[in-house]
Structure formats: structure tokens, C-alpha cells
Amino acid sequence: MKVNVINKSQFELPKYETEGSAGIDLQANIDGPIELKPFDRTLIPTGLFISIPKGFEAQIRGRSGLALNHGITLANGIGTIDSDYRGEIKVILINLGKESYTINIGDRIAQMVFIKYEKADLIVTDELDKTARGKGGFGHSGY
């Protein structure tokens with residue numbers, strides 16, 4: 001899959017860090033440090049604009065090291081970039097940690113993974129097929 005990119009950031013294009021990497025790291029394209037106090041959230045620009053082929057999306061995901069070590073994660077869990085979006089990719093970060101955290105110019109703040117998807121045809125019905133699980137959810141199988 002090829003993705004067209006306009007890079008208006010001050011950095012080189014993101015790349016896969018290892019052969020087995022599923023995502024590419026996104027960097028904070030900011031003018032200066034941003035302090036993120038506990039439970040604050042902010043929108044961080046990346047300077048990247050992309051054109052994704054139809055049938056694909058880009059998922060923006062948190063970085064595990066930031067989450068574990070500092071409580072920094074994505075406010076929306078996983079962000080979706082649709083194939084028809086042409087604006088700048090920005091990342092909504094939240095500090096769930098106990099201490100302030102400073103985001104510096106060029107920090108790797110999230111990762112972007114490209115995913116193929118299919119659209120569903122929703123069909124209205126009066127009942128669903130039966131399964132062994134049925135309506136069980138929210139911990140019904142134990143903890």
C-alpha cells in the first residue's frame with residue numbers, strides 16, 4: 001500500500017524502527033515545550049498530512065513507554081484517520097499520571113498503524129443468531 005504524504009514538519013518522514021514494527025512513530029511538531037499537568041489534555045500537531053487509499057484507515061495509538069512510565073496516553077483511546085481526511089494529523093494526549101510531564105519538540109508521542117477494513121451492510125432483523133455466550137459480557141467469564 002502506498003500513502004501520499006505532505007511533510008510540513010521540521011523532521012524527516014516517520015519510519016518503521018524495526019523490520020517487525022507495525023507502526024511508525026509520530027513526533028511533536030511544536031514551537032516549544034508543552035507542560036501537561038495531571039489530567040490535562042492537549043492537541044499536539046505532527047506537521048503530517050496524508051492521503052490513504054480507500055478501504056484503509058490510519059489508527060493513532062499511544063506509546064507503551066509513555067503510558068507506563070509517565071501516564072501519558074491518548075484521550076480518545078485510539079484515533080481513526082479516515083481515507084477521505086486531508087487535514088493535519090494531530091494527537092490528543094492526556095496525562096493520567098501523578099506528575100506534570102513536558103512534551104518537547106520532536107518527542108515521539110504516538111504511533112500510526114495502517115489497517116485495511118471492510119464496510120458492513122447493516123440489516124434490520126427481529127432476532128439474532130444464537131451463541132453459547134449469548135448476552136454475557138462485562139466479566140461474565142471471570143476475572
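Visitor: What makes strand β4 and strand β8 a pair?
Guide: Two strands pair if DSSP finds at least two bridges between them. Strand β4 (residues 41-51) and strand β8 (residues 88-95) share six bridges in the antiparallel sense, so they pass that test. As for the word strand, it means a DSSP run of E with at least two residues, while a helix is a run of H or I with at least four, both numbered from the N terminus.

Visitor: What am I looking at here, and how are residues numbered?
Guide: It's a predicted model, where local features need pLDDT of at least 70 and side-chain atom pairs count only at pLDDT 80 or more, though totals for chains, interfaces and linings use all residues. Numbering starts from 1 along each chain as its sequence is written, and side-chain values use heavy atoms, leaving out hydrogens and water.

Visitor: Which strands are the edge strands of the open sheet?
Guide: The sheet has four strands in the order β1-β4-β8-β6, with antiparallel pairing. Its edge strands are β1 (4-7) and β6, since each pairs on one side only.

Visitor: What makes a space a pocket and not a cavity?
Guide: Both are found on a 1 Å grid over the protein atoms alone: in a cavity a 1.4 Å probe fits but cannot get out, whereas a pocket is an open set of points with protein on both sides within 12 Å along at least five of seven lines. Lining residues have an atom within 4 Å of a point. Here the largest pocket has 13 lining residues, and the closest to its centre are Asn-76, Ile-81, Lys-90, Val-91 and Ile-92. Strand β8 gives the largest share of that lining, five residues.

Visitor: Which residues does the UniProt "binding site" annotation cover?
Guide: That unreviewed entry lists Arg-63, Ser-64, Gly-65, Asn-76, Thr-80, Ile-81 and Asp-82. They are spread in space, up to 26.4 Å between C-alpha atoms. From this set, Asn-76, Thr-80 and Ile-81 belong to the lining of the largest pocket. UniProt positions use the numbering used here, feature names are shortened, and annotations may be inferred rather than shown by experiment.
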